[in-house]
Amino acid sequence: MPTHHLNRFTFGDPKNAGNLMTIEEAHALLNEWVPNERLRLHMKQVAAVMKAWALEKEKADEKTALKWELAGLLHDADWEKYPDDHCRIIIEELEKRNIDPDIIHCIASHGPNYFGVEPVNNMDKMIYAIDELSGFIHAAALIRPTRYEGLEVKSVLKRLKTPSFAAQVSREDIADALSRTDTSLEELIQFIIDHQKEVS
Ligand SMILES: [Fe+2]
């Protein structure tokens, strides 16, 4: 992915803290902005894993979990229509809609090596870690006759060590993202398999 430094470090307006959109509104935005079904599925998978992580691992309340889910659902919303301005366009749209700054910062920091914005809180750190791994695990599932059924952590680990498999997924980014979290690669792979396999 080419770099698109945002050249800014604050996002949204603090007075909009707590301003969320509904999940239906987020899906409507996605359907309008993202014709590519595969890309929409990627965002739905990241959203499902983010929400589950917030609820199960962070013991977040429903509203906080919705923030995690919305960030996951919208993080690549502008990727298909504005590849050269990826991230900037969706950020500006959410700022226009007066959305909670945590969600906007989370989206801005989902690729620190590309957008130049460092993940700060756990939501930021986890979207960075979940994003690339989620796509990688989905690619690993798709080449199996039984897809997610019986997909094991160790086979995902083996594929990660095979540079030619899903070569566009940066192993360095995955390692960098994991190093910023308290979770292990094995734990996160299992969590992603468990929570994205049913998403369609
Ligand atoms: Fe993504």
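Colleague: Which residues have the most contacts inside the largest nonpolar core?
Modeller: This is a predicted model. Its largest nonpolar core has 49 residues. Those with the most contacts inside this core are Met50, Ala71, Ile107 and Ile130.

Colleague: Which helix gives the most to this core?
Modeller: Several helices each supply at least two residues of the core, among them α1 (23–33), α2 (37–56), α3 (62–74) and α4 (88–96). The top contributor, with 10 residues, is α7.

Colleague: What is Ile107 in contact with, leaving aside its neighbours within four places in sequence?
Modeller: Ile107 has a place among the residues with the most contacts inside the core. It is also one of the buried residues of α5. With sequence neighbours within four places left aside, its contacts are Ala71, Leu74, His75, Cys87, Ile90 and Ile91.

Colleague: Which helices do the buried residues of α5 pack against?
Modeller: Burial here takes 20 or more other C-beta atoms within 10 Å. Ile104 is among the residues of α5 that are buried. The packing partners of the buried α5 residues are α3, α4, α6 (112–115) and α7.

Colleague: Is the crossing of α7 and α9 left-handed or right-handed?
Modeller: The axes of α7 (residues 122–142) and α9 (residues 171–179) come within 8 Å. They cross at roughly 150°. The crossing is left-handed.

Colleague: How many nonpolar, polar and charged residues does the contact of α7 with α9 have?
Modeller: On α7, the contact is made by Tyr128, Ala129, Glu132 and Leu133. On α9, it is made by Asp173, Ile174, Ala177 and Leu178. By class, that gives 6 nonpolar, no polar and 2 charged residues.

Colleague: How many helices and strands does the protein chain have?
Modeller: Along the sequence, the pattern reads α-α-α-α-α-α-α-α-α-α. The secondary structure comes to 10 helices and 0 strands.

Colleague: What is the radius of gyration of the protein chain?
Modeller: The C-alpha atoms fill a box of roughly 45 × 35 × 35 Å along the principal axes. The globule rule gives 16 Å for 200 residues, and the chain is close to that, so it is as compact as a globular protein of that length. Its radius of gyration is 16 Å.

Key
Residues numbered from 1 in each chain as written. Predicted model: local features only at pLDDT ≥ 70, side-chain atom pairs only at ≥ 80, totals over all residues. Axes fitted to C-alpha atoms, helices over the stretch in contact; angles between N-to-C directions. Helix = DSSP H or I, 4+ residues; strand = E, 2+ residues; numbered from the N terminus. Left-handed = near helix turned anticlockwise from the far one by under 90°. Contact = placed C-beta atoms within 7 Å. Nonpolar A, V, L, I, M, F, W, Y, C, P; charged D, E, K, R; others polar. Core = buried A, V, L, I, M, F, W, Y, C linked by C-beta atoms within 7 Å. Buried ≥ 20, exposed ≤ 12 C-beta atoms within 10 Å, placed from the backbone. Rg over C-alpha atoms; globule rule 2.2 N^0.38 Å.
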